[in-house]
Amino acid sequence: MANLKPNRFILQSNDGKTKVDYETTSFIGQPVLNLTQLPGPIRHFAGSQIRSLNTEIGTLVTVTTQLTIDAGSTSFSVLIPAITLTSISDHQAFTTDAIVTHHSGPNSVPQTGVHETYQFIAMKGEANFVIALLEPVIAKSGAGTA
């Protein structure tokens, strides 16, 4: 299989405190992302919790890590560059950046000025292709009737 797009990206910050394991699709047909930001636990995101935006500089993958009704939110994004693999067994190392964005909310003080602040995290990673051993099972109505 030539010209294969990877579907799994494993990344780690240079200091080892931030780790990302992102699959564009899992055996249930949805994207999954596991995020570790030490000293915290591993956080799991799936399906619509993961937002993916194709841009001319790569694919921006974002999850919301903290959400409040009035004081704003925090999101974690990682920029995935375009990568092509030569075969299923191929893997490709790459470097990129993750961005932690703090968004102000309607009751944040002050209410004027800059509403997002950014923390950039240098990341190194590896892209590969994973074949799902399990396929989703779809039940058919009326099955088993004779």
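Visitor: Why is tyrosine 118 called exposed?
Guide: In this predicted model, tyrosine 118 has a relative accessibility of 53%. The cut-off for exposed is over 50%, so tyrosine 118 counts as exposed.

Visitor: What makes phenylalanine 120 exposed?
Guide: The relative accessible area of phenylalanine 120 is 55%. Exposed requires over 50%, and phenylalanine 120 is therefore exposed.

Visitor: How many aromatic pairs are there?
Guide: The count comes to three aromatic pairs.

Visitor: Why is the pair of phenylalanine 9 and phenylalanine 94 called edge-to-face?
Guide: Their ring centres are 6.3 Å apart, and a pair needs centres within 6.5 Å. The planes stand at 85°; because an angle over 60 degrees counts as edge-to-face, the pair takes that label.

Visitor: Which parts does this pair tie together?
Guide: Phenylalanine 9 belongs to strand 1 (residues 8-13) and phenylalanine 94 to strand 8 (residues 91-103), so the pair ties together parts that are 85 residues apart in sequence. Both phenylalanine 9 and phenylalanine 94 are buried.

Visitor: Why is the pair of tyrosine 118 and phenylalanine 120 called tilted?
Guide: The centres of tyrosine 118 and phenylalanine 120 are 6.4 Å apart, with 50° between the planes. Planes under 30 degrees apart would be stacked and those over 60 edge-to-face, so the rest count as tilted.

Visitor: Which residues form a cluster through ring pairs?
Guide: Phe9, Tyr22 and Phe94 are linked into a cluster.

Note on methods
Residues numbered from 1 in each chain as written. Predicted model: local features only at pLDDT ≥ 70, side-chain atom pairs only at ≥ 80, totals over all residues. Heavy atoms only, no water. Phe/Tyr/Trp six-rings, centres within 6.5 Å; stacked < 30°, edge-to-face > 60°. Helix = DSSP H or I, 4+ residues; strand = E, 2+ residues; numbered from the N terminus. Buried < 20%, exposed > 50% of the residue type's maximum accessible area, 1.4 Å probe, protein only.
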